[in-house]
Amino acid sequence: MRTRLTTRLGAAGIGAIVVLALAGPAYGLSRPAEPIPPSGLTGLEPTGSDMPTVGGNLGNQHYSGLTQIDQSTLDRLGPAWRTHVSAVAPATDDLGQQTTPIVVDGVLYLDTPSGGVIAVDGASGEAVWKWEPTEFATAQTRRGVSAGDGKIFTHADGDRVVALDQATGEQVWVVQPTGPNGEFLGNLERVATVYHDGIVYAHAANGDRAAVVALNASDGSYVWHFFGGPDRDAVYTDVNGNTVAAGETWGPTLPDGTECALVGGSTPWIHGAVDPELDMYYMTFGNARSCTSSQDGSQRPGDNLFSSTLVAADADTGEYKWHYQSIRHDVWDMDNVHPPTLADVEVDGEERKVLFYGSKSGHQFVLDRTDGEPVLPVIQKPMITDSRQAHAETQPFPVQRLLPECLVWEKLDPDNIPGDPWRAVPNYNGYQPDADGNLVFNPDSYVAADEPFLTYPEGSSGHREGCMYDPQWDLPILSTTSQNGGADWSNNAYSHRTNLVYYPYGTNPVAHWNGASANGQRAMGQYQTGGILAYDASTGEVQWRNHLGTDMSHGQGPLVTASDLLFVGQIDGRVLAMDAATGDVLWDFQTGSGIAAAPVTYEVDGEQYVAVFAAGSTNPYGGSVTQGDSLWAFKLDGAYTTDSGSQEGPATAPLSIRRPVSGAAVAGETVGNTVLLARSSRTADTAAARDATAQNAMQPTHLRVPVGTTVTFLNPGAETFPSFPNLKPHCATQFFEGEFNVKLQPGESYQHTFDRAGEYFFNDCTDPRPTGKIEVYLDPQDQPGALTFRPGRLDLGSETGIFTGVEGVVTAHFELPEGAAYDSGAVLITPLSQTPVPAVKVTANKNRLIVQFDKAAVDNNVPEGEVTLTVQAYVTGPDGAQKRLSSSAIVTVVK
């Protein structure tokens, strides 16, 4: 147990700002004689009262030895406090942030949504201090701070690294690091800093060339740096005696003098790990992006070191030790840039010092962290290659894979929704529906144009099935996982008790081609989901998987404790406690805003707390994510309640789980309820507009019509565009229900009547990129007096005083019109949330629905007192037509 400090470190003074601009090498600068690490800072040992790094410990294990909160006490876990960090003076109205807090001596330190830093008392939630710079701007996207030598280290705009006094938040020093010869080191703004033994490690993100830079914690002076893109003459020899001319792996200098390695991207855009015993720092570098794009490797033949590579360096000097490249010549943005996780595990009866590496790829390499050699088996798998891309003929694959290697081409069928999490959108890769809706490869589809350039390994199917590293050139090829799939940048966690590695992931297949923006186009209309799995650290075998339903690859990292609980947040605002041994969800709390950060746990005055920052983010759900600024803390018998009288926040707004089409909704009557296929404009009669392949080449891309509307799909010919009609046949393939699939010649049309509400996505078989959506809606028909709640006084109180004690159901009676029959979709619309509460049970009697809703789901979405509640449901009338009925009633809510 650690009691909070009542005496803080002395202030450095507001004027103690030093801006260093070093013109020469700084290796000779003195380091602090006695670096002072934060309390509880460990290498690979479990954390205790504090969690002083964004990885928990220096090995990024996110593992705590605290056990007060366990499965037997979980029903007593409630919120202790909530702090709106943006509201703390100097206040801002910013929302959204990706930072994971650290905890030192019972105080939480974290980035605010504006990019400042705040210190919060871990027991009370009261702010200790808040820093917002006045001389320069903040770096708004932030992923964590570090602590050491009585300072908190962060970033700011202008590639600044900033040290703040840990006790007061006053600036101690500010630097804009450069290399020893004035080299630009990259955009030092986003990545969490790491402190160890008097050194601060900062990683650059984005830009042409980016480095990891080590700074002296006492004054910010330069110590060393390491670039992901090496100089032309760079040669490295590892600890095993192997030598590589890294600069030459980027191909020859281009005729215009360009060195692809120097403009290659290869940025280390997430923090690293430290092994204090080996005195090594482990850093991961991103994909190559140069000459001419991330998806065109033709001008940079070779492996392109150190892109998509983990590098181990001497923690004090930056001297290269070894590297492991997970993807050779990456043209898919499949880099495995995530926080490396270190552990000592037993493999085949021998204790090994290992490192877990791999995220987007959907697998993990288990490496010996002393020399980079695989501890668990890796094969060099032959790959399909395209002669235009200078592909590597093989890629390394761990024998034990965590996620599917290939997409699933699943039948289009209304009874098959949503289907397999890794199902593919039709028409990509030449997989087109037959008469029964089965997706069957068509060798005569658009992919035939690539065949002269492709070489297939022995045993291949002879076509691209949507598997990892399937090659592409200038036509879209869909594959898994994606630049936003796998585990991406979410942290792993490792449990000393279970010997399991916990791996959050997202499913988001992507189509690549040379001109694709954002390193690939995530296929519109697909389901963007995810979950978490656990695998045995000694064998690599998956022990359990829980596909929770939302993407968990963008900061939703887990925390595991010695009481075998796994805490993890989700972008829908929920924080979960799971059984670390089985993956079962045991506890569920709604914070009210999306979570893109890992939970932390700590102890103050003998009480264990779990805290999480619910600030929201955007990836991959864009503006549908509920943004926030709430730092929540939980403890046993926590008694905090929100303004509504509930302990939980209201449910977040609905997420765009299906990848949205481009463009705003267009009312059907304004365009004659007609969709033009393969046109980039409804009006332009130009060569550029016809037979278009852009993602917005369904005009309009989003058509909104009421139920019962007949929509015309037209492949416009000369009657529509006399000068430049479409010349090719085009399809309207509806997925995933398989409502229609028609192929139209220029001038031909097809009509379809939509008789049920819903979203109907469709794309083109000629080129699958153009995608549209028909949104079919029903305006609610009000039924005054049809709704009653029995009883009319809703008691949502908890016998235990904790939100977990809210039990039972709310029962509503809904009188139906004569001849109406219940169809589907009964929901409760509440005052505090945009997301309706779904019914848990609907009993359809003659002319009446008895609808039940879970009290726990209602509680946080309604205030106390007199409240208007609305029930809506889809019914069919005597004529079989679908209708949407709605009725409201006033109830009295007590808690």
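**Close-up views of a predicted model**

**View 1. The largest pocket.** The largest pocket holds about 890 Å³ of space. This is a predicted model: local features need pLDDT of at least 70, and side-chain atom pairs count only at pLDDT 80 or more, while totals for chains, interfaces and linings use all residues. Residues are numbered from 1 along each chain as its sequence is written, and side-chain values use heavy atoms, with hydrogens and water left out. On a 1 Å grid over the protein atoms alone, a pocket is an open set of points where a 1.4 Å probe fits, with protein on both sides within 12 Å along at least five of seven lines. Grid points are joined across faces, edges and corners, and the volume is the space filled by probe spheres set on the points.

**View 2. The pocket lining.** The largest pocket is lined by 30 residues, each with an atom within 4 Å of a point. Nearest its centre lie Ala757, Gly758, Glu759, Val776 and Tyr874. Strand 59 gives the largest share of the lining, four residues. Strands (E, at least two residues) are DSSP runs, numbered from the N terminus. By class, the lining has 13 nonpolar, eight polar and nine charged residues. Ala, Val, Leu, Ile, Met, Phe, Trp, Tyr, Cys and Pro count as nonpolar, Asp, Glu, Lys and Arg as charged, and the others, Gly among them, as polar.

**View 3. The Cys260 to Cys291 disulfide.** The structure holds three disulfides, each a pair of cysteine sulfur atoms within 2.5 Å. One joins Cys260 to Cys291, S to S 2.4 Å. The torsion about its S-S bond is about -115°, so this disulfide is left-handed. Cys260 is buried at 1% relative accessible area, and Cys291 is buried at 11%. Buried means under 20% relative accessible area, exposed over 50%, and partly exposed in between (1.4 Å probe, protein chains only).

**View 4. The Cys406 to Cys467 disulfide.** The sulfur atoms of Cys406 and Cys467 are joined, S to S 1.9 Å. With 100° about the S-S bond, this link is right-handed. Both cysteines lie in loops, so the pair ties together parts that are 61 residues apart in sequence. Cys406 is partly exposed at 27%. Cys467 is buried at 10%.

**View 5. The Cys731 to Cys765 disulfide.** Here the sulfur atoms of Cys731 and Cys765 are 1.9 Å apart. The link is right-handed, with 60° about the S-S bond. Cys731 is in strand 50, and Cys765 is in the loop between strand 53 and strand 54. Both cysteines are buried.
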